[in-house]
Amino acid sequence: MGMRMVNLSALGSDLKRGMLPVLGAAAFLCSGLPAAGAAAGQHLEKHFTVKTRPVVVIHNVANGRIEVKSWKNSEVDVLASQASDKIGFDMEQAGDRIDVTANILNPSAQPRELEANLQLTVPEETELQLKTETGLIYVEQVMGDMTLESVAGEVHLKEVSGYIIVRTTEGSLVCTQCAGKLDFKSISGGAQVLQPALTNVSLFTTSGNILFDGDFVRTGLYTMKSGKGLVEVRFSGNDSFDLKAQTTMGTVDNQAAAYLKPDSHGMMHRASKFTKGLFGTVGQGLAKVELSSYSGTIRILKRD
Amino acid sequence: MQCRDVEIVVEQEGLAPLPEAARAHVATCSHCRELVADLATIVSMANELPAEVEPPARVWISLQAQLELEGIIKDPVVPAHGERAPWWHRFSDLFRSRALATAAVGLMIVVAGIMELRQGPDEVPMPPTAVVRPNGQISFAQTAKVLNEQEIDLRNMQLAGTSTSQVDDSFRLNLQQVDDFIADCERRVIEAPQDELAREYLSNAYQQKAELLSAMMDREGSLH
């Protein structure tokens, strides 16, 4: 069995090596067509007219940032800039779907040669699917569902709303004045949710820190979990939520004991004998807040 | 036949067709009926996942080797045309892409979770080492083995390549972090098998490792 694996792997590698020059040449020729204007250190700008809520899909395998802002026009404007001709842009429109892909044309290029930034202006109501490896993803004032993926780049969102899905390996999320639903997962990236109007929040990171600083919408559901990091929640005196905080090996730092009452809904909560827990209610307990950490600290405090 | 016997039959032979004795037990046991119904739902949902591109041979070979090693596949010979394929061959269809392999690992975690939940509270309390199953495996052992195989494949791929970009470094660093966290959680689960929170974190860590390996293999595949 082991021999078969080795032979197949070798065969695959040989085939891929043999095909690389052909594919590289083809990619170079093809990418030259749509991005003829984008030479080294230059810019490429394209406009796409759309009818209704467009879907914009971006895949940036190069280094660089993706910035998305909105305007009132029914048009998607894409401004691409690149550091060298070792990157090619493919852009296409199919109805209201616009696809933009930054490809590496020369795998042996140096990191600084692989810098490609994308700046988009889209209608206010736009769905986004953005994927990058190392650059920042920045989205501002866009309403629509969005899926944002990054390996090492940060994700900054400001005044966006919709069903927001963020996946990173080590990139952190900063979500300021976001509304709708937020689903964040990362291995070592952290999440900061500031002044939100989110009705449903799910944050999970293995070793990053989580900060939620803002109001809990009544009937909202909030789950925040970090394997090793700090989970900190800062609430206001007007908030109304049930709180359940649990940790296996970490600590619960309750700096809001004066505001936390025993659960007012008649349900008797108790931490299992294997965990340290804190259960209580702030106000009438209308929202539900669940915090956990395997070995990190959970901190609950009231904002000034 | 008892509930545990039905679980063993399902683990070894799949859902359909269940042997007569197992069917007779399931007909009279609501516990097992629910188990079979849950698993049928999972398999059904998995089959509805969209087919994607063919995976590299090494993914299935690695899984096949693992399944053979564990005695789940007893006869690796592909059936003659027209014969009904064994259930594990249908299961292999789930691994038609790395994305589906990730989903399948997720399903395995779900199945492992269901199996664990089926150990009802009325059963004999588990001693501290009860997380070790009768065959000597800890919970999620199947998942862990599949992932470890994938990790070995990945390391072989990386040895063949020379990629040292920021992204590769990030992947490696984070894989190490997830492995360390899995080791932490496993130690805790062995010490305190009934620590639900630790089990939840362990399950999530395996899921993250599956996704990370999938992303790393995709990247390696596209570079070499």
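## Overall model and confidence

The structure is a predicted model, and it scores ipTM 0.80 and pTM 0.70. In chain B the mean pLDDT is 69, with 53% of the residues reaching 70 or more. Confidence within chain B is lowest in helix α5 (residues 87-92), where the mean is 45, and highest in α8(B), where it is 92.

Two stretches of chain B call for caution. Over residues 75-96 of chain B the pLDDT is below 50, and this stretch has 24 contacts in the model beyond near neighbours in sequence. Residues 120-137 of chain B likewise stay under 50, and for them the model has 11 contacts beyond four places in sequence. Where pLDDT is low, predicted coordinates should not be read in detail.

## The sheet of chain A

Chain A has 304 residues, of which 43% count as buried, and its secondary structure comes to 1 helix and 24 strands. Among its contacts with a separation of 6 or more, 51% are between residues 24 or more positions apart.

Twelve strands of chain A form an open sheet with mixed pairing, in the order β1-β4-β7-β3-β9-β11-β13-β15-β17-β19-β24-β21. Its edge strands are β1 (43-49) and β21 (251-254), each of which pairs on one side only, and the twist from one strand to the next averages 10 degrees.

## Strand β13 and its partners

Strand β13 (residues 173-176) of chain A runs parallel to strand β11 (residues 155-158) of chain A, to which it is joined by 4 bridges, and V155(A) has L173(A) as its bridge partner. Another 4 bridges join β13(A) to strand β15 (residues 191-194) of chain A, again in parallel, and here T176(A) has L194(A) as its bridge partner.

In a regular strand the side chains alternate between the two faces of the sheet.

## Nonpolar cores

The largest nonpolar core has 64 residues, and those with the most contacts inside it are L118(A), V139(A), L182(A) and V289(A).

Strand β19 (residues 231-235) of chain A pairs with strand β24 (residues 297-302) of chain A in the parallel sense over 5 bridges, with V231(A) standing opposite I298(A).

S236(A) is found in the loop between β19 and β20 (241-247) of chain A. Which residues does S236(A) touch, not counting those up to four places away in sequence? They are D215(A) and R303(A). The C-alpha atoms of S236(A) and K302(A) are separated by 5.6 Å, although these residues are 66 residues apart along the chain. S236(A) counts as partly exposed because 14 other C-beta atoms lie within 10 Å, whereas a buried residue needs 20 or more.

## Helix α8 of chain B

Helix α8 (residues 166-191) of chain B has 26 residues and reaches 38 Å from its first C-alpha to its last, close to the 38 Å expected. Its buried residues include V167(B), S170(B), F171(B), N174(B), Q177(B), V178(B) and F181(B). An α-helix has 3.6 residues a turn, so residues three or four places apart point the same way.

Technical notes:
Residues are numbered from 1 along each chain as its sequence is written. Chains are lettered from A and ligands numbered from 1 in the order in which they are written. This is a predicted model: local features need pLDDT of at least 70, side-chain atom pairs count only at pLDDT 80 or more; totals for chains, interfaces and linings use all residues. Two strands pair if DSSP finds at least two bridges between them. Helices (H or I, at least four residues) and strands (E, at least two) are DSSP runs, numbered from the N terminus. Axes are lines fitted to C-alpha atoms, for helices over the stretch in contact, and angles run from 0 to 180 degrees between N-to-C directions. A nonpolar core is a set of buried Ala, Val, Leu, Ile, Met, Phe, Trp, Tyr and Cys residues joined through C-beta atoms within 7 Å. A residue is buried if 20 or more other C-beta atoms lie within 10 Å of its own, exposed if 12 or fewer, and partly exposed in between; C-beta atoms are placed from the backbone. The expected span of a helix is 1.5 Å times one less than its number of residues. Two residues are in contact if their C-beta atoms, placed from the backbone, lie within 7 Å. pLDDT is the predictor's confidence in each residue, from 0 to 100.
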